[in-house]
Structures are given as C-alpha cells and as structure tokens.
Amino acid sequence: MKRTVPLLIAAICGFVLIITAFIPATVTWGETATVWFDVLAAIAFILGGGNLLKVHLRKVSDRAAGWAYSLITVVTFLLTLGVGLLKWGVPPGSDQEFFGYSFASLSVADLPEELTFRLPVDLPGDLAAGTLPASVRRQLRMTFAENDSQRLGTLEFHGWMTSSQKSDLLGFHDLLDWKCAVEQLAERSAPPASLAGKVSYFAEHEALAISGTLPEATEQELRAISATQPWTAAVTELARLARAPTSRTLQYIPSGLQVPSSREDSLKLQGQTLTVIGPMTPEMRAELTDVFPRVRPLAEQEIERFVADMGDTLSEDQQNLLRGMLGSLWNAEQLITVLNDAGKSQPVKKTYCELRAEQLAGVDDLSPTRDSSEPDTQLNAAQVEALTAAVMNPEVNLRTLGSVLSELGPWIPAQESALQKFRQRLPTIGQRNRTLVAALTLGDGQLPRATLDLLLAPYREEHLWNNEVFALYEAAHRVKYAWSGGYLQDGSPFWWSYEYAFKPLTATMFALLAFYVASAAFRAFRAKNLEAFLLLATAFIILLGRTPTGVWLTSGLPDSLSILRIENMTAFILSVINTAGNRAIMIGIALGIVSTSLKILLGGDRSYLGSGD
Amino acid sequence: MWNIVDRLARLDRRWIFLLMLAAVAIPILFELQFDETPTQQARAVFDEIERLNPGDPVLLAFDYDPASEGELSPMASSFVLHCASRKLKMYFLSLFPVGPQMIEENIQKVILPDFPELVYGEDYVNLGYKPGYEGVVKVIMTDLRQLYTTDSRGTNIDQIPMCQGIDNVQDMKLIVNVSAGYPGVKEWVQYAVTPFPDKVKMVAGVTGVQAPFIYPYIPRQLRGMLGAIKGAAEYETLVTSTYIEGTPREIYQEGVRRMGPQSVAHLLMIGLILAGNSLFLLQKWQRKL
Amino acid sequence: MQGIERYIWTLLILFLLGGAILQTVWDPQQSAGRVYVKQVEGVWVPADEIDRAAGIAEVSLLRSTGLWISALFTLCIFSFMYRDNPFYKIAEATVVGVSAAYYMVVGFWTTMIPNLFGKLFPGLIQGWAMPGLSPEPEPGSWTYVVPLVLGIMLLMRLVPKVSWISVWPLAFIIGTTAGLRMVAFLEADFLSQIENTIVPIVAWNSSGLFDPWKSFENLLLVVSVLACLVYFFFSIEHKGAVGGISRFGIWILMITFGAMFGMTVMGRIALLAIRLEFLFREWLNLNLV
C-alpha cells in the first residue's frame, strides 16, 4: 500500500488536470486540484522552516563544526518567525476597524421580534434552492406559500438591512419580481427615519452599532423598540461606550479654531484641552482637520507681491517658475463649469418595482432610467459675477460661497455638493507651498533658510494639527479586531527584518555574481575553435551594442550598410538567431517534459517514492 | 616578456574583482549618464499600453524580489507611471513571496506622491501573493476568487469596488508582467496567454538572464518585452518624455542612471575578453617557439 | 605573514568604518547614516528633504540602526570576494534564518489563514484576524479537509517514524505538476513554437513591395530552427549532408549561447550597481559631483 497509493494519487491528479484542459465542463475539477496544490505549496514553506530548524538545532547540540553559525541561523529564524506570526507592532487594519462606531454584542438569535420584518410575496419556489449571498444568509428566511408549495409566500428579514446587503440580494437573481421584492423588503427593514445613518446592525460582526455619540433622545428611542433583555443590555452597553469621554491636551491649536455648532454635543474645546464624547467619526475628523484655507486664484499683483516677499533670495529662473506655478493654480471658469455641469438635470433611475409595473403593463423595451422633469439649473449672470469676485477675494471662504449664490438665483443641492467637492480637492496653502518648495529645489535649486521657513510654516502647522486630531481620533477609538493589520506593516519588527536584513543580504548575494562573470571572461573564455569564437564574438557584439561607445563607433556607416550598425546587429542576433536557437531548445525541452510527465503519471518514473521502505 | 605574459595570465582574480568594482563604482560616484534611444521592443511595449482606453483593467504581475531589483525596479515604476498616467485600473499581484513588498514600494514611490487623486480599491488594488507557482495562474485564469478572497490588506474582495465585475484574469485588457525568473513570464505565457489566445494580451519586463529564452514567444504569445536594464532605460525614457513635463523626479531616472555604470562595466568586460584571449594566443605562440 | 595580513585588514576595516562615522557626523546635509521619518495618520513614514526643512521630521533610531546593519551586511557579503571569512559566514547564516522564517510567515498569513482555515472555520478566522471575511461557510468548503490532511501528512516528514506518509502528498504535488506542465509545455512550447516558425519566406513590406531583408530573416529563422533540431536528433548519424546541417545548427546554438552570456552579464552588473548605489547614496550620502 505504501507504494501503490502514491502511484494512484499521482496518476489520478495528473490525468484530471490533463482532461480539464480538453473538456470545458471539467474545468472546476482542475481548479479544485490546483487550489489544493497551492495550499500545499504554502505548507511546504512550513516544512522547509521546520527542516531548517531541525538540521541546525542538531548541529548546535552536537557542537559540530561551525555550530555557532547554526546558532545564528536558529536565532534569526525564531526571531523573524515570532514577530511575523504574532504581527508584533502591527496596528489593526484601519479599513477594517469601523472607526467612529461603537459595537455592542448582539447575535442574530437575540434580535427582538420587533426587528423581524416580513414581506408577503409571490415568487417562484426555485429561488429558495439557490445559495443566498453569505452576507444575508443568517438573516433572511424564505417560506413557501401555505396554499402552493411551488411558490414563495413570505420573505422574512431579521435586523436592519444594510445597503451592501441590499445590493448583494439584488444581485442574487435577475428576475424583476425578485428585485422588486428586495426593494420592498429593504424599505420595510430600514431603521426608523430618526435613527437612519446613526444606528446599524452588522450581522457578520454580531453587533448592534452606533456611529458617534448617543444622545439621550436616541437612547430612549432605541429602548422603546423592545424590552427584551439582550436588546436592553446591548443598548445600555452602547450608551456606555458612546458616552465615554476622551481628552487630549493640545500642543498646537490653529488660530481661530472653533468647534462646529453641529458637533457641540460630542466635541468640547476648553483652553488647551479637546474632548470628544464617544468615538470620533471619520466625518468629524475630516471636519476638524479641514480648517485651513485652500488656494484661490491669484491676481497679477498678488503674484508679484508673493514673489517680492521672497526677497532677492530667488534666482531669475526660480522667480519665473514661481510666477508660472502661482499663475496656473485654478480659475473661476473651472468652478463655473463644474457648477453648471452639476446643475444639469440627470436622468432618474427607475426602481425595480417601477420597471416591473411597466413590464406587467406590456412595455417591451424597458429603459432603466427616465428623463428628469426638472429643468437644468445654470448659474445666472449675477451668480457668475459674484462667484468670480468671491474666488479672488481672500476674505471670502469658499465653504460658505453656496449661501451667497443661493440668494442671487436658483441653487440646488447637487451644486452645493459639487462646490464642496471642488473645494476639498483644492490643495491647502501648506500643500501648495510644499509643491512650490519641491519645484524650486528640484535639481540644483537652493533656497535660503529664511525663505524655507516662510514657505513651509503653513505646511508644518497643518501637519501638526492633523497629527493632534489623529491622536485624539485614535485615543477615542476602541480596537475591535486587534489582529486585522497587514503582517508587512511598515515600521513593524517583521518589516524591519525584511528591510534591513533580508533585502540587503539577498540582493548583495546576487550582486556578487557580477564579479565572477568578470573573472570568467578573463580566464575561461578562449577562442580555441570556431564554435568558441562564434560564442565570444556574439557576446562581444551584444555587450558593445548596449553601450553608447558601440553605437558611436558604428554611427558613421552609411544607410545602405545600416544593418552593420551595432545596435541593429544586436537586434538581429537577438530576434533572429537567438530566437531560432532558443526555439529549438524550447521544442526539445517541451518534448522532454511531456515524456517525463507521462512516465510519472503512468508509474514508469517512481524516483519520488524514495529508496523503498 | 614571456615572464610578464605568464604572470598576467595567472593574475589573481581579486585584481579583476577590484577592476569590476571600480568600473561600477566610479560612474555611480560621478553620476555618469547617457541618453537613450528607444528600440523597437521598448516601443512595442509602450504602444501596447498606449492602445488601451482610460478605465481599462490591467493586471500588473510583479514577480520579482530584492535580488533582481537592480534591473527590474526601474521597469516596474515606469509601468506604474505609464498605467496611472493613462488612467488605467491597476490590479497588482505577485507569484513571488516578496512581491507584495515590491508592489507596495511602487505604490509609495509612484502613486502616492504623483497621483494622490487615485483611490485605493477604486483605481488600484494590491491583491498580494499566493503560493502555488503556475498553479496560481492556472486557477485565476478561470476564477479569481478561488484564491483571492481578500486583497493583501485583508479586505474582502467583494467589498472592493473595482473588483466587482472582475471574475477572472480573462477580464483584463492587458497583463503587464515584471519577471525575475520562476514563476514568471514563462508561466504567464504558458498558462495565461496560450490557452486564451484571443482574449489575453501580455507585455513583460524581464531580467537579462531570462530575456534570450523569452524571444521565441515574441510577438504572437508576447506582444513586447523589455530586456534587462537597457530595456528598462529605453522604456523609461519613452514614458517620462511623453508624460512628464520638465525634469522627472529621480526615481523615474533610475534606469537611465544605471546605464552609466552599466556601459563602463560592459567596456571592461570586452577588455577582459580581449585581454584574456590575447594572453592565450601569446602563450600558444610561446609554446610553439 | 599571516599576522601582518590580519593587522593590515583590521586597520583597513577600522579606517573605512571611521570614514563612514566621520561622514555621518560631518555630512553637510546631515543625512548620511540616518533615516528620517514623519508621522502621518499614526504611522511613521519616511520623510524627505522638505519635511526636514519644515521641521516635522525626526531621526528614527531604529531605522537608522537598521540602515547601518544593512550596510554592514552588504559589506560582509562583499568580503567573500577576498576569501571566505567569519563575517561572510555570519551574514550567510542570517540570510538563511531570516528568509526561511520570512517565507513561512508569508505562507501562513497569505494562504494558510485565508485559503485554508478561512474556508474550514470562517467564523473563527473572521472574529480573530480577518473581519472582512464572511463568517458563513461557503457550500462545499468542507473539501478543504483534503489539503489540510495532505498538509499534515507532508509535515510528518519531520517525524522520522512516520515520514513515509509524506510520500502521499508528495505524489499529489508531483502528479499535479506533471499534469499541469504536460499540457502547458505541449501547447505553449511545442505546438505554438512550430506555429510561430511557419513564417512567409517571401515577405512583403507594408506598401506591397518585395522585402528582401525581411525575407532573408524569415528564411534564416526557419532554416536555423530546423538545423538546430537536426543537431538535437541523435537517432541518425551526423554524417554527410546531415552532418553539414547539424554543424550549422551548432553554430546557431553557439551564437545563441553568446547572446545568453552577453545578456546575463548585463543583468549581473545592474544588480551590483544597485548595491553600490545603496552604499554610496542611501547610507553615506556621497555627492562627488
């Protein structure tokens, strides 16, 4: 058995993979075998490590020659392995951590009956046979109609449906009836309007979650949903987490910093101390850091004043570069175009239920959208004038430009959001100045200390403030998945061992070969006969053809002899003769591989079984 | 005189090592640099990427490690610069265990500073490494999710916007491979391009060692190839002269910069071959006398 | 003699190290031998000249130590060119240990966790290390028991008494590889290569005229491939016409080997260049121009 089983395994696996190449229906067999193969390849790394440890530990314990080096191997192996497997010094993955949310544990089974939403439907029964998307499998139940065992009668959803669950469900089947039912179910299983966007239920994390702090009124509303013990306990836990204060004494505060009035329940600034109640949401953080002015178009005189402020420290070239960069930041025209584009009425996407109604009404050519009934909103002359004046005026904040424009003419939410998006994509003064310094010092450019200080002060301040806010953001956050970070995180000990040991060592090992080819060229390559001469001459041409000297040597040849130019000769050798030679070798090797593979699969080659017992 | 010939022929190899060190070190210290004229192969690679439309998905398979960074990192950063400038959607992955580091380095060197507007997960994604050599290629050609359930940062692949609608590598408009050996360009040609000749197109940047072996695949199985540092320098020149105004940053001149020491060392190699053979002939002549 | 040599070497090493330390202390840009970092979103990332000028960068002690260690490792490996020595051996022992552990860690986090345990115990893995994973098992994921069992059998190789069982997973690996390779080599390296060689011997250029040069290239390509194959064909004696053809085949192969050697040299030099760039630029910040 010791010998027959492996022979059978090899033969079966091999032939399965060969068959899958010819019969499309069996592709998944091949996939499965190959995926297993890939898993085994990973386990082979563990085997390799284990083997290494075994060999070197034995050497150390036997005090064999060179055992001290073996000890180094063992120690570096264990250290690297330890920090890598433990993800030492790796912060949790920032995109996996649900920043801004507080989680209270609540399993699907413990969800109160009030959060079970039912939708009577009439859908084909074979839908129930499909595999539901994993994200909703715990929460969605399909039941058959009482009077017809071939049709679905009810869809039942536990908990509030998230938008990604809705899109997963929509993608489950293409039937319009189904998609319409999903839409209705999603509507039914949405949290009450007053809680929308504030509370969520994440079934995959078995957590009732709340974003930001929990106001008294919201808490009461949540408690009113159900009186079951697990629910009440979860709400109490949420209230505790979302009301825990976190304070930070700030080393730096931007001048004129004020807590936005909409955030007064969760953010407090007292002297040098900033306090956040509950976790800080990413939106709060963005709002807090977005306090620095953005660049605006500069008039001719302003640019000149800017350049003059730099004093005579700039060379002529640098001054012109600075003028060019300051003059080409952005202009009012671009913003006007953006706002007018945003004001154009967009076709409205129909809901699936609307499409279904149309289908039932007998419309053949279903269009997923319908034209908007709203007319286009374009900036009027007064608005354009106000905008053009405002962007050039340092006193006006672009953030509040919308309220000015709305008084002068029509102004729709899409335009407001386009305005804010436009504003947020503009660099801050600090970011602009950093770009200016980078451009001015590119190559051999120099800037005196005083100029650097002047230009980089805003950049420094923005950096300090962003770090202050981030520190509070992090301090107020409760880690949910401590192990979710990437094992290669920059700055972690495992990264360190890669960057400062693995990388230089392996790279230098290979670099040594450059010296040995040089030595071989001098000592071993002798034109002893015609064949050896051909080899040497080719190497000579290839090497020379890839230097500017070689190109220069033959650049004088007339066009009729251009094939003799060294770069053309190199190309000819590589793409014709080398191709021919290597193609013949390739064909030979391919035949060899095919025959050895067949030998292995048919049991002719059993060398991998080892010596016997 | 014969005495000198004999002694030279028996020259300790360490002197030759020293010569090689000097031939590479001195041009680096004095920043010796030459201009590059792109040849047909580099142009073929460049044109293949130029033909794509903004938003087309491109697979960037970076199958190399620090041991061959000297030759391949200039190619890799030029590829990323080119794809990002063309606004292509970039899907990075690697068949080398150290590959994810190479990918991350290129993201930090090229995308973060020069294309801050690109969003991770929407414009580019690092799918990371999977062991299994050619087995990985074989599987992801028909089903990406069998192996790649998450990206290299652990995010579920179904939650990454740019991965929705990508079922397998056949959905890519082009495969760009940077390869240091096995597994690499040969395996991609064998398991990705050859079985799907009408769907899958590929260009590659390879080490000097591999380049001659790959020529037989050009142009039918492989649309274009950059060979060694010379190919890197040519392609780099093409990309930077097209997409960067003024002087490019230092990292976009790595290939051209490294051609300086390269050229001097080539001349040394030629000198060594000539010297070795001259001494050989002189010795042969001496024995006849 | 031995004693003097050791003395000279010690002096030389001390001299070089002293030079490096002096350069670190006196470097006008204060960047030799140091790594500057800045904190962005809670993570320390490399800082550039401008960050330093802005006063937001600081020297990272850990990374600067790392820089010195990697420079010393580089020099330790280079020392092998003189002769084998303890410094080289230490570096060698380190690379063995670190790389084996590196591959193991990579295999664990990129495959064992998401592709094996993540399939078998999704709830456990999701709650522990991969919050993005779905805790619901996929249909059919129980089949992953097979690679788990095979994997355990493979690891039994480390236990002498039951090591025979590791032949089973080995047979699986070998059978799969053989099956994969047979098809791929047959398609890509045999059939496709024959197809690639069928080129028009009378070639026309783009304007419809006879292209003598292209025709010659194509003819040469076909003849050369055939000649080399004749040379590989040992079943007939290489005499007469066959002998002539096979001799031509040898010439073609020799030119091919010459091209390979030339390209290999190119590659190796680039690898040396990047290490010297590291020493001169990253470590010592030497600017001679």
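Two strands are taken to pair if DSSP finds at least two bridges between them, and strands themselves (E, at least two residues), like helices (H or I, at least four), are DSSP runs numbered from the N terminus. With these terms in hand, 6 strands of chain B form an open sheet in the order β3-β2-β1-β4-β5-β6, with parallel pairing. β3 and β6 (224-227) of chain B stand at the edges with a single partner strand each, so one side of each is left without a neighbour in the sheet. From one strand to the next the twist averages 15°. For this and other angles, axes are lines fitted to C-alpha atoms, for helices over the stretch in contact, and the angles run from 0 to 180 degrees between N-to-C directions.

The model is a predicted one, in which local features need pLDDT of at least 70 and side-chain atom pairs count only at pLDDT 80 or more, while totals for chains, interfaces and linings use all residues. Residues are numbered from 1 along each chain as its sequence is written, and chains are lettered from A and ligands numbered from 1 in the order in which they are written.

The sheet of chain B can be followed strand by strand. Strand β2 (residues 89-94) of chain B pairs with β3(B) in the parallel sense over 4 bridges, and B:Y91 stands opposite B:V125 in β3(B). A residue counts as buried if 20 or more other C-beta atoms lie within 10 Å of its own, as exposed if 12 or fewer do, and as partly exposed in between, with C-beta atoms placed from the backbone. By this count 6 of the 6 residues of β3(B) (residues 124-129) are buried, so the strand is largely enclosed by the rest of the structure.

Elsewhere in the sheet, strands β4 (residues 174-179) and β5 (residues 202-206) of chain B pair in the parallel sense over 5 bridges, and B:V178 stands opposite B:G205 in β5(B). Helix α3 (residues 40-50) of chain B packs on the sheet, where it touches β4, β5 and β6 of chain B, and its direction makes about 130° with that of β6(B). Helix α4 (residues 69-85) of chain B lies across β1 (57-63), β2, β4, β5 and β6 of chain B and runs at about 160° to β4(B).

B:I16 has its place in helix α2 (residues 13-29) of chain B and is buried, with 23 other C-beta atoms within 10 Å. Two residues are in contact if their C-beta atoms, placed from the backbone, lie within 7 Å. Neighbours within four places in sequence aside, B:I16 is in contact with A:A518, A:S519, A:F522, B:L11 and B:L272. B:I16 and B:G154 are 138 residues apart in sequence and 50 Å apart in space, C-alpha to C-alpha.

Contacts between the chains come next. Chain B brings 49 residues into contact with 41 residues of chain C, and α2(B) makes the largest share of the side of chain B that touches chain C, with 6 residues. The contact between chains C and A takes 117 residues from chain C and 126 residues from chain A. On the side of chain C that touches chain A, α4(C) gives the most, with 23 residues.

Helix α22 (residues 566-601) of chain A and helix α9 (residues 240-283) of chain C pack at an angle of about 115°, with their axes 8 Å apart. Among the residues that make this contact are A:I573, A:L574 and A:I577 of α22(A) and C:I252, C:L253 and C:I255 of α9(C).

β1(A) pairs with strand β6 (residues 207-211) of chain A in the antiparallel sense over 5 bridges, and A:A104 stands opposite A:L208 in β6(A). Of the 10 residues of helix α9 (residues 300-309) of chain A, the number buried is 0, so this helix lies largely in the open.
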